[in-house]
Amino acid sequence: MNNKAHPMTNVADPYSEALAGPDESPALVWESLRARLASADGQLFWRSFDELAETPEFLDYVSREFPRQSGEGMAPEDRREFLKLMAASLGLAGVGLSGCMRQPTEKIVPYVRQPEDFVPGNPLYFATCMTLGGYAMGLLVESHLGRPTKVEGNPQHPASLGATDAFAQASILSLYDPDRSQTVMRGGQISTWGEFLTALAAELPDLRKRHGKGLAILTETVTSPTLADQLHSLLAELPEAKWHQYEPVGRDNVRDGAKLAFGEHVDTIYHFDQADVVVALDAEFLTAMPGSVRYARDFIDRRKLARGEQQADGAPHAMSRLYALESTPGLAGAVADHRLPIRADEIEGFVRALAAQLSVEVEVGQAEAISDANAPWLAALASDLTAHKEASAVIVGDGQPAIVHALVHAINRALGNVGKTVEYVPSIEAEPINQIASLKELVESMRQGEVELLLVLGGNPIYNAPGALEFGKHYETVKLRVHLADDFDETSFASHWHIPAAHYLESWGDARAFDGTTTIQQPLIAPLYQGRTIYEMVAVLQGHPELAAYDIVRGYWKRILGDGEFESRWRKALHDGLMADTRAESYKPEWSLQSETSAATSPNAGELGLEVTFCPDPTIWDGRFANNGWLQELPKPLTKLTWDNAALVSPRTAERLGVSNYDLVELSRDGQTIRAPIWIVPGQPHDSISLALGYGRTRSGRIGNGRGANAYILRSAEPAWFLSGVELKRTGERRSLAVTQNHHSMEGRGLVQLATLDQFQQNPEFIDPELRHPEILPTLLPQFEESENAWGMVIDQTACIGCNACVVACQAENNIPIVGKEQVGKGREMHWLRIDRYYKGDLDSPDAYFQPVACMHCEKAPCELVCPVGATVHSHEGLNQMVYNRCVGTRYCSNNCPYKVRRFNFLNYDAEFGYTGEQAPVLKLLRNPDVTVRSRGVMEKCTYCVQRINAAKITAQKEDRPVGDGEIVTACQAVCPTKAIVFGNLRDRNSQVARFKESPLNYSLLADLNTLPRTTYLARIRNPNAALGAPATIDTPPIEPTILDRVLERGAP
Amino acid sequence: MTQIFHPSMNAFAKATIFGGLFVAVAMAFSWDRINRSPYVTEADVVREQPVPFSHEHHVSGLGIDCRYCHTTVEKSAFAGMPTTEICMGCHSQIWKDSPMLEPVRASFRTGEPLQWTRVHDLPDFVYFDHSIHIAKGIGCESCHGRVDRMPLMRRANTLQMSWCLRCHRRPEQFVRDRGEIFHFGPLAPTKAHDHGPELVKEYGIDVRQLTDCWICHR
């Protein structure tokens, strides 16, 4: 193999010596890429630069089924070792055979007194909620014999509507994380809760005498009514005490913007299902805002058309249009009909100009000069918004400065959206404050030596406070430092006392959703370790160490609801997962901002140079999920990066700076420096570097330690999410990154079908009939006899937002292991469901397309024909069954699978992480008991959640009826915020899935291979605006010769 | 050149070849026998239990229905084991001082559950569901044997896959009238085996699907 790395290669084995450095002029390569794209006339779908450039590494990679597997690169001495091991294992196998034959003795332990309504073997579901950034999402959690195993959304909860995000899905793994803190620690030594109480009790009398002077409490954002009540009464008792809040992915700009606009704290709720035109200004509203899951449902509900559903009056299908201006390529941009890469510090100018054009009631002064590239956008947006008054919505991201938020409020008012698509409610948070200011105040008083007792209740400020504040240095000066946290983390290490926090599935509590709806957080399991809740910690300060969280939360609500109907209302709230009538009431706040003529108030605007933007990581958020293997290994939606963050730059910026993928660079500003590898991302604005927060943890556990770069160090002490004037220095070193964008390539071939709305309305039958109704060709495969059920699936690409929730849901449901960075680098990730991301268009701002791909359950499955041991066979209901016990690991099936959906257990992956039953017995509790845990040497793949199919069939058959439509919900389908996945019985003509299959948009992947896949796709429909120069039609690209064909033409590299 | 081996060596050679063959066959045969022996299958092996519970006495002696103790057999994959409370429902009144029942009383007093040794233990990759078998007319006896004649519980069948398949291939030989599922011993003459095919039809059993792998494995 060519050992010299291509300048931007991402398939060269990142673990080999090949990372020495570029040896070809990058400029030449970029030119050739642009030339190739130009010649394709924008019709080409591509996954990566390597694929575009057809680098030798890439061709080598795709021409082999299992790149770099065992055997390769094995030195002679290794081979000898290998033979020795083989001989030894054969010998051991002989000895061990009898051990395999007899089953170990098992015990049955029945209850002494069985709880009511409890049927051993059948799971129970309990309603609870999980908070992220303080805001609640309602959940139903599945419990098997008292152990929670799977998280589902609560269909009654407004923030969930039955779906969840990837974080909620993965949170169950955090509960069983073997690295969780398990005991109270005092100065690094194991201690007890009792000793902590004694130590604190010694401080309390003095504290009371001083009216709380010297006491500071630092929490994350609080929406919990109970906790707010506790803290307020504590502060009333100890008026000199201070309560600070700091949420690293904070919403200071949102709060300040509303304050600026209305003179009071107001929260905004959007109704995207009412909006025909949506403008997202650097706003990741589909995944990274309070209420995102709900927003995604609402937004896509307005865009789902032609799934076989006709409008009642026969009117043309309505479809909203989304414009996205983005400083970091995100999901909003991928879903958008128009996307503009724009530097974060340019957005303020753009919004001021837009506000002026829409003649908002705020005096905005001189409209800013808008760059030539952005000018057509301004005109198009202004006219499209004006044309859709009362049915448009403008939303701005948390990262933009307060003034932008205020101006967007003004724009929404001017467009008459308030009361239609935009709703205002009183602040959901218990104490809306500027959190950065609050944290600064805390640091200042620590510096002054005023803080004697500091309780950090949740959060990890030593790690995630902005570097400029030097929180860690001042923290050391506090006399008594107490930290409540899930892990013994960076802050715990610097504290006198560490109290392990109870996981949300272990603790009572309450929290409010984005619209104010309150949910009682109900535990499903007693704390596995000595976990305590924040309620109990505050109660200790109040002098009530005897109170449990249950008493505190219940006591609060008893006071609120009154004695009369309390018991029934409390029970109903627990059952439903929400407290009735707690949604915040809509109101119209008075407008207060009259004039905003100052120049840009953003501290950075106007400065030139490189800009760095920070964003919460799409998979590990602010770092709290750093030790969650499911999330670490989840490919980030657009970059497909796993286990790391990187400095994302645009191709042109990379070209200008002379950097390429994997190059380690030093970013510095104001004396703070971090080192991160470069990753070149098409669609990134020029001269703007995106850095995800949450990496660079040092004390999170064996999964999260030492991965990526800590972007918090660079952050300034202002509520700013972007910095200009950052210096970038090349170090000459390179870093390995595990990126999956080239893995499991289906090599082009007309995979993504798309059309514009106009095109579709004029010619609904635009898809090649051969893809829609493949001709059934002669086949060697036997025709299986069909039964009353024929399971099938349809995936709507217009609805898929690429949020990854399905991937984690599948992992949780089906006991899928994580494999680690090195194995991902070798293409061995085990996800049964992957989301392919394709680009189309030029390098600087391509359109992105998501396509979830799992086993297609082909009726003529190529894998079945080649298995020598009959380990993969067809069922009468059309399922392509994988039988683990028969599998001998030849991997022929995977070789023969054109969709690349089969996964092989190369290693016993749990053991790789010390995650086996012996080393981490707690993880046994996590497993779904309805799914076999696979061993090394076995092939596996999507089963259509056969355990759920069987459960529904058994229920139906016991009741002597057919399985109804919608009774079987696969894990991926259940979690999908936009209902992009539909599953059901094709034989039932009235089922939703059968109707979708009749849609003109329905087509098969690789239909020409005669596989007759049971999973089909609905084409992506876009709704572009002709005013922005969008073509009215998109030509479906001709089905090109595959890359493999070209490899064969050229000869193997 | 002289022969290296004397002609009499031919006999040795033949003996070795055929002997080897014989040994191989014998090993294969005994391997198979061992696999089917009670040593491996644990069929007919009585396991030690905390209380020497007699099914014979409770089922044929007292006529207690299976579902009195195995409460979830119609609702769940797991048939259910009686809680201490169920045992004490009777044994707080009768045999209440029997030393044999002391573990049961101790469990009731202390709240510590009884720990029974599992007799019918399927491998973890098999997903057997009691409730659907009951619903489709498979009697307890078909798998568990004459429990009414077992003073101490033992496995009546091997529970090997070949044994499962006898019924999954020909359910008509085993299905019974739904009224006789919990009955042990010979069935009433009118409901004998020849009604099998009709019952299979009546219960809506798709026999072809019974041998689909994912019916039991997943």
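Contact is taken here to mean heavy atoms within 4.5 Å, and helices (H or I, at least four residues) are DSSP runs numbered from the N terminus. The structure is a predicted model, in which local features need pLDDT of at least 70 and side-chain atom pairs count only at pLDDT 80 or more, while totals for chains, interfaces and linings use all residues. Residues are numbered from 1 along each chain as its sequence is written, chains are lettered from A and ligands numbered from 1 in the order in which they are written, and side-chain values use heavy atoms, with hydrogens and water left out.

In chain A, the residues A:Ala166, A:Gln169 and A:Ala170 of α5(A) meet A:Ala805, A:Val808, A:Ala809 and A:Ala812 of α25(A). This contact comprises six nonpolar residues, one polar and no charged, where Ala, Val, Leu, Ile, Met, Phe, Trp, Tyr, Cys and Pro count as nonpolar, Asp, Glu, Lys and Arg as charged, and the others, Gly among them, as polar. Helix α5 (residues 166–175) of chain A and helix α25 (residues 805–813) of chain A have axes 8 Å apart and pack at an angle of about 25°, so that α5(A) is roughly parallel to α25(A). Axes are lines fitted to C-alpha atoms, for helices over the stretch in contact, with angles running from 0 to 180 degrees between N-to-C directions, and angles under 35 degrees count as roughly parallel. The crossing of α5(A) and α25(A) is left-handed, meaning that the near helix is turned anticlockwise from the far one by less than a right angle.

Between the chains, 47 residues of chain B are in contact with 50 residues of chain A. The two chains bury about 4400 Å² between them, 53% of it on carbon and sulfur atoms, buried area being the accessible area (1.4 Å probe) that two parts lose on being put together, summed over both. In chain B, the residues that lose the most area to chain A are B:Arg208, B:Trp214 and B:Arg218, together 21% of what that side buries.

The mean pLDDT of chain A (the predictor's confidence in each residue, from 0 to 100) is 86, and 88% of its residues reach 70 or more.

Key
Helix = DSSP H or I, 4+ residues; strand = E, 2+ residues; numbered from the N terminus. Parallel < 35°, antiparallel > 145°, perpendicular 65-115°, else oblique.
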